Amino acid sequence: MRKTSVSPGGNLVPVKPILATNASLQPMSGQSLLSIRNLKVNFYTYRGTVKALDGVDLDIMKGETVGLVGETGSGKSVTALSIIRLIPDPPGKIDEGEIMLGDDNLLKIPEEQMQQIRGSKIAMVFQDPSTFLNPVMTIGDQLIETLLIHNAVSAPGLKGKALKTKAEEKGIELLRRVRMPDPKGALKKYPHELSGGMRQRAIIAMAIACQPELLIADEPTTALDVTIQAQILDLLNELKRGGKLSVLMITHDLGIVAETCDRVAVMYGGNIVEAGTVRQIFETPLHPYTKALLMAIPKVTETRKKLESIVGSVPNLINPPSGCRFHPRCPYVMDVCSAKKPKLMETGKNHFVSCFLVTKEEGA
């Protein structure tokens with residue numbers, strides 16, 4: 001595979017076509033925990049149908065962290081909410097595809113079974129913890145409720161007050177595990193009495209309470225200062241090392257991806273446009289959008305008068321561009337780009353890209 005680079009002047013350099021093969025977006029090594037295939041999600045609004053996801057393929061392996069990156073409106077959070085089946089219906093609807101967790105297709109199982117999977121097998125840490133914590137319940141009550149609903153307290157024969165006491169002990173242990181200052185005291189506090197970092201720790205404690213197999217972290221550090229952000233990222237890495245936890249890290253920050261992730265999937269306009277290992281994405285990016293994202297990052301080792309930017313804006317998904325959704329903003333657009341949607345194809349070991357500039361598809 002021919003490597004690509006950015007010119008010394010900071011301009012994108014078009015890559016020469018590579019013979020690619022149409023393949024499943026799954027690494028050759030490791031065991032798959034979650035597999036998403038051809039996921040299509042639409043929102044039916046009075047203005048028209050918002051085509052939020054247009055055939056997303058993604059695999060998450062056991063024990064790895066996958067970064068999901070892209071601009072606001074690219075479909076990252078919709079993908080996460082689809083996994084746990086929390087797309088608001090109406091107006092949203094998962095119209096096509098499958099999401100396999102082991103042998104279970106999460107889109108086909110009854111809601112009662114899905115409620116048990118949420119929290120016990122798949123947990124989610126949301127971007128703004130204050131939005132997802134009940135303001136009239138203490139942190140302890142919310143944490144204990146999570147433990148009792150999913151029968152996560154190992155206390156055979158205990159009932160009533162004795163069971164609640166046992167759950168409180170486990171709650172304190174969980175808060176201590178996420179390095180909450182004064183975990184016993186925090187258990188009795190309401191969300192507004194905690195700082196942003198402490199609320200995020202409380203949310204993470206609830207998320208890991210039932211030892212899930214997959215933790216979805218949707219912008220978990222956006223509202224935090226740099227010091228607390230580093231502590232939360234260290235905590236997530238520590239939790240992953242301590243068990244068989246897999247993490248889907250949704251973020252705009254490519255620095256976080258470089259520090260915490262094993263693989264990266266780049267989203268644009270409801271599609272995965274490139275995916276590979278962290279080294280592949282940062283050192284040999286193939287898709288023009290991926291390159292543009294990397295060029296927009298300031299580097300302490302370089303002196304630039306002006307940061308690079310991506311011309312244009314994200315597409316209107318009610319009336320998305322035909323063919324490749326990035327083609328109106330792409331500096332290397334060809335006639336085929338507006339006529340046909342490129343497939344996500346493997347160009348090297350575990351490196352996938354959806355771009356006619358890179359792959360040789362029939363008719364391209």
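This is a predicted model: local features need pLDDT of at least 70, side-chain atom pairs count only at pLDDT 80 or more; totals for chains, interfaces and linings use all residues.
User: How many salt bridges does the model have by the 4 Å rule?

Analyst: A pair counts when a side-chain nitrogen of Lys or Arg lies within 4 Å of a carboxyl oxygen of Asp or Glu. By this rule, the count of salt bridges is 10.

User: Which parts of the chain does the salt bridge between Asp54 and Arg325 tie together, and how many residues apart are they in sequence?

Analyst: The side chains of Asp54 and Arg325 meet at 3.8 Å, N to O. Asp54 belongs to strand β3 (residues 48–61), whereas Arg325 sits in the loop between α11 (288–295) and α12 (335–339). The pair therefore links strand and loop across a sequence separation of 271 residues.

User: Is Arg325 buried or exposed?

Analyst: Buried means under 20% relative accessible area. Arg325 has a relative accessible area of 6%. So Arg325 is buried.

User: What is the N to O distance in the salt bridge of Asp54 and Lys341?

Analyst: These two side chains also meet in a salt bridge. Lys341 lies in the loop between α12 and β12 (345–348), so its pairing with Asp54 of β3 ties together parts 287 residues apart in sequence. Lys341 is partly exposed, at 35% relative accessible area. The N to O distance is 3.1 Å.

User: Where do Arg85 and Glu111 lie, and how many residues apart are the parts they tie together?

Analyst: Arg85 and Glu111 form a salt bridge, with their closest N and O atoms 3.2 Å apart. Arg85 is in the loop between α1 (76–83) and β5 (92–101), and Glu111 is in helix α2 (residues 111–120). The bridge therefore ties together parts separated in sequence by 26 residues.

User: At what angle do helices α5 and α7 cross, and which class of orientation is that?

Analyst: The axes of α5 (residues 160–177) and α7 (residues 196–208) come within 9 Å. They cross at roughly 120 degrees, and the crossing is right-handed. The angle makes α5 oblique to α7.

User: By class, which residues make the contact of α5 with α7?

Analyst: From α5 come Leu174, Leu175 and Arg177. From α7 come Ala202, Ala205 and Ile208. By class, the contact has five nonpolar, no polar and one charged residues.

User: Which helices do the buried residues of α4 pack against?

Analyst: In α4 (residues 139–149), the buried residues are Ile139, Gly140, Gln142, Leu143, Ile144, Thr146 and Leu147. An α-helix has 3.6 residues a turn, so residues three or four places apart point the same way. The buried residues of α4 pack against α5, α6 (183–186) and α7.

User: Which residue with positive phi follows α4?

Analyst: The phi of this residue is near 50 degrees. The residue is Asn151.

User: Leaving aside neighbours within four places in sequence, which residues is Ala207 in contact with?

Analyst: Ala207 is in helix α7 and is buried, with a relative accessible area of 5%. Its C-alpha atom is 10.0 Å from that of Lys121, 86 residues away along the chain. The contacts are Gly119, Ala123, Met124, Val125, Pro212 and Leu215.

Definitions and conventions: Residues are numbered from 1 along each chain as its sequence is written. Side-chain values use heavy atoms; hydrogens and water are left out. Helices (H or I, at least four residues) and strands (E, at least two) are DSSP runs, numbered from the N terminus. Buried means under 20% relative accessible area, exposed over 50%, partly exposed in between (1.4 Å probe, protein chains only). Axes are lines fitted to C-alpha atoms, for helices over the stretch in contact, and angles run from 0 to 180 degrees between N-to-C directions. Angles under 35 degrees count as roughly parallel, over 145 as roughly antiparallel, 65 to 115 as roughly perpendicular and the rest as oblique. A crossing is left-handed if the near helix is turned anticlockwise from the far one by less than a right angle, and right-handed if clockwise. Contact means heavy atoms within 4.5 Å. Ala, Val, Leu, Ile, Met, Phe, Trp, Tyr, Cys and Pro count as nonpolar, Asp, Glu, Lys and Arg as charged, and the others, Gly among them, as polar.
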